[in-house]
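Visitor: I would like to learn how to read a structure like this one, step by step. Could you show me?

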Amino acid sequence: MTESADPSATNTPELKKPPWAVIVIVAVSVIFVAVLALGMFNSRVDRPDGVAPDFEMQFFDGYEWQDLPTADLSDFQGRPVVLNFWASWCVECIREAELLENLWQEYEDQGVVFLGIAYIDVEKNSLDYLEKYEITYPNAPDLRTVISGRYDITGVPETFFIDKNGDVEYIHLSAVTEPMVRSLLDDMLAAEGPASS
Amino acid sequence: MIADLGYVAILTAFLASIYAPIAAFYGIRNNKTRWVESARNAIFVIFLLVALACGLLVILLLTSDFSITYVWEVSSRDMPAYLKVAALWGGQRGSILFFNFMLTAFTAAAMARNWDNERGIMPYAVIVGSFTLIFFLGLTLLMENPFERIGAATAEGSGFDLLISTPVTYVKNLFVRPGIVPEDGQGMRALLRHPAMIIHPPMLYLGYTGFTVPFVFAMAALMAGKFNEGWIRITRRWTLVAWLFLGLGVVLGGRWAYDVLGWGGYWAWDAVENSSLLPWLTGTAFLHSVMIQEKRGMFKGWNVGLIIITYLLVVLGTLNVRGGLVSSVHAFAQSNIGWLLLAFLAYMIIFSIVLVYKRRDQLQSENHIRSFLSRETAFLGNNLLFLLIAAVTFFGTYYTVPTELFTGQKVTLGIPYYEKVNGPLFGALLLLMGIAPLMMWYRTSIGRLRKMTVGPAAGATVIVIAMFILGIRNWIALLGYWIISFSAFITLLEFGRAMNARVRSKGENPFAALAALVARNRRRYGGYVIHLGVLTMAMGIISTELYQQQTQMRLARDESLSIGDYTMVFKGIEQRMGNDDAQITEALVDVYRGDKLVRTLKPRTEFFTRTGENMSIPAVRMTPTEDFYVLLINWEGMSQNAATFRAYVNPLINWVWFGAFIFIFGTLIAAWPDPADEKVTAMQSSGGRLVVGGVSGD
Amino acid sequence: MLRSSMPNQLPGSQRLKNRKRFAGGLPMVAMILLTMVLFLAVFPAFAQAPTRTVSDDEVNAVAKDLFCPICENTPLDVCETQACADWRQVIRDKLSGGQSDDQIKDYFADQYGVRALAEPPAEGVTLLVWLVPLIAIPAAVIIFGLYLRNIRRAAPGGSEPAAVLSSPAAPEPVDSETDQDPYTERIERELREMEE
């Protein structure tokens, strides 16, 4: 070491670590790690458990609910809801398309609602798909991917079964099957609705 | 049996890496060399064990033992042997094991090479090195076990639960034999089956793991209280080696993207690409500013900070690529190790800050800057620019994390952003690269600077005017070409003048003069060669970014498209089965320049039936002045009668690869051991202080 | 719309002239037709908008600035999936319908969110992406300059290096013009002396 031996060499100020530099470094590191941690936490798939997140739907042309072109999920409070995410480019969705329509027609007058959300799709293609499978239950595009974001879906098809109280009863990834839907719907219909109807 | 042996090898290595720091610590405390040596030997043993584990995994791959999950995931029977070996790093688990292999190799080599020279520092190096080994070996052992069997139960839980459940599950699995062994494996991902992709990960890992060594030495030197005596000397060459490999890895990645990804480019500023670039940027800054420390004993704290940041960026990069933090085409599958890596990163940050703060008295500067115009400030300017570029790249890469947190919107920054912001910074760097060699240590007179830049500036201006006359009007290109010519002239003149002096005084012929010159001062002239390499690459990059031509057209049989000076005629399509499960559709196109047929190219698509993956492999005609690059596009289907093609003309693109060669060559020159070097090292470690005249090569 | 179709609405003095001009059915019909054609030429909106064929290059030019909404970080002109093919068709249709590049990009942002764009619009949070470097880089350069100046001021005068370091404990090798090895240095020095 030479500092002690050489009086003419000075200790320049910039390398004695003044406390503020340390504080800044520590603060930045803490913030950075915290943000990363939160980000990682956030990027985990976090499907809703409990109350189904509310959202607004702007139906496709030709679709409506009670003669209105828009509806919110909360409008369906008191009814079991089958919320199905699909897309015209999704091959698997074709497997459940007819089934969903048939079940809708069967359960409609018992108060069940089927809702379809087209995920990242082209409008024309969505409409073609709906026409092809003769789907009549309300369908809306997922504008700006808000709805799929709230439900944190990881792909299509994904179907959420929401009970009369607005809670998520069951989530199914990939195409649904008839016995599954029937049993869920029967359960949800039999269950108690919200106190004030 | 083999798999179990492999796992036991890792387990033993892990236990040894816990033993090593304890033994070293005990030995240091109680002044018992035996214990310290035992700790060092443990490091060697760890290396051998991990090497064994790797070898065993390779055997499992070569023998296509599909009872092992990893083997099934990444290989298949129809893969050629070399690809099966490369499958070692074809998936997450194997690549972590491979990463560990490199890490232990570097650590062991560092111990072996420097044990005698640096008795003071090495015991601490064992401790710090072991910590990194404990973590990474622990990852393989507990969470990413490549030797896991198919049908093995997977550990339950997430985050820290897995630390308990994984080993418990593994032990349970030891008594479970797989039910059904699959006939064949999935096969390696289509994108990875390419020569460049085979070398690119090893190079990158060598770079990443290589940077652990200077970090370990820095921490060890600080802990030992011997920072000033030994650190730079032992660290410099290791850093250069790691830096070389990392740079190579980055360039190879670019070449792979160009050859296989099929979008006509080679660098997309994608999150994973940036993760490999960031430590390279800070590493380059370090290589330059460390020279200030060597020469004038200044900026020690700064240099330590740089090497710490470089290492932390390596860990962060690993987290980014493997932990599913930021999305990318490159990313490995979602995995739970992200949390552990984050914890390790946090721990290393704390450890470094605390250590540096506590030992800050060792980092006092011995001198100060005297003039604005000096090599010191030039190097500082270099640091500033490199760090700004790194900061911008870092910012752009990780920006999406808080944005997504607070607004829910996912924002991705693409090439336009980086080009606009980093572009000017790189330009300034190229300019500085030219001027810096002219600066002397301490101070440079403006007069001298002016005298030495006038000629090159005039030469550069002449060149640019000529280009303007020839039709180049883009002002960014012209500015870029001016800077490159300017800096290139100055660098070449440095060679020229020194050669001249030798020729005149010693009567040597120019080549001998050049050789002798370089040999005596490898670092300096190696550095100049590296700069020339960078300038060549810059030339290629600017030209191809600004003047790339592109067109896409659906062609009927015998129909043609034109782009630039080329005309391309579609002649037909051929289908065949590739040698590894790929269904190859190959198009024949005749390429004309003017009226002359210059090449028949065969762009193709490969469809892998097992995984459903589709790749479009371009066909390229390379010349020194440009590439003609054509892709078969499957937008609207293809048949014998019609197909869609996308063609690019990439001017000067091969200067990028050629410049990279020059770059590598220069690095080898700079890193090559010098006999005079060894004398210096010997003298310094024996306590003699070195004065004038002896410091030549190093 | 047709100026000449209502002769009885013209001011009185001109009526006689016009009546002479437009006497007869056929010339009047011809006039009407001619005017219609002229109008259509000048105001094409009245005509049916022609759908033009859009080249692949034009589609690519827009697609290059968009990301595939579902793939990871893949630009839309490169992505090979069916979904991307659909979106490129959307671009094609809109281009041939006369929409501009920017209008199409806005449409994508509305449908799929800002992440579909390669260059996020400079508004709201994303404005920061541009602002931060724009402010931080010059700031860094200025701070660097100030730092250098401060360091120099803290130093005791700019005396010649050789004088300061002549003390025996000086750790640094004496340095002259460059850090070339002493042989070359000497050679150069001697050469210069020869030339003077």
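Guide: We will go through chain A as a whole and then some places in chain B. This is a predicted model, in which local features need pLDDT of at least 70 and side-chain atom pairs count only at pLDDT 80 or more, while totals for chains, interfaces and linings use all residues. Residues are numbered from 1 along each chain as its sequence is written, and chains are lettered from A and ligands numbered from 1 in the order in which they are written.

Visitor: How many helices and strands are there in chain A?

Guide: Helices (H or I, at least four residues) and strands (E, at least two) are DSSP runs, numbered from the N terminus. Chain A has five helices and seven strands, and from the N terminus on their order is α-β-β-β-α-β-α-β-α-β-β-α.

Visitor: Is Asp270(B) buried or exposed?

Guide: A residue is buried if 20 or more other C-beta atoms lie within 10 Å of its own, exposed if 12 or fewer, and partly exposed in between, with C-beta atoms placed from the backbone. Asp270(B) is buried because 22 other C-beta atoms lie within 10 Å, and this residue sits in the loop between α10 (227-261) and α11 (271-296) of chain B. In chain A, buried residues make up 32% of the 197 residues.

Visitor: In which sense do strands β4 and β5 of chain B pair?

Guide: Two strands pair if DSSP finds at least two bridges between them. Strand β4 (residues 582-593) and strand β5 (residues 596-601) of chain B pair in the antiparallel sense over five bridges, and Arg593(B) has Lys596(B) in β5(B) as its bridge partner.
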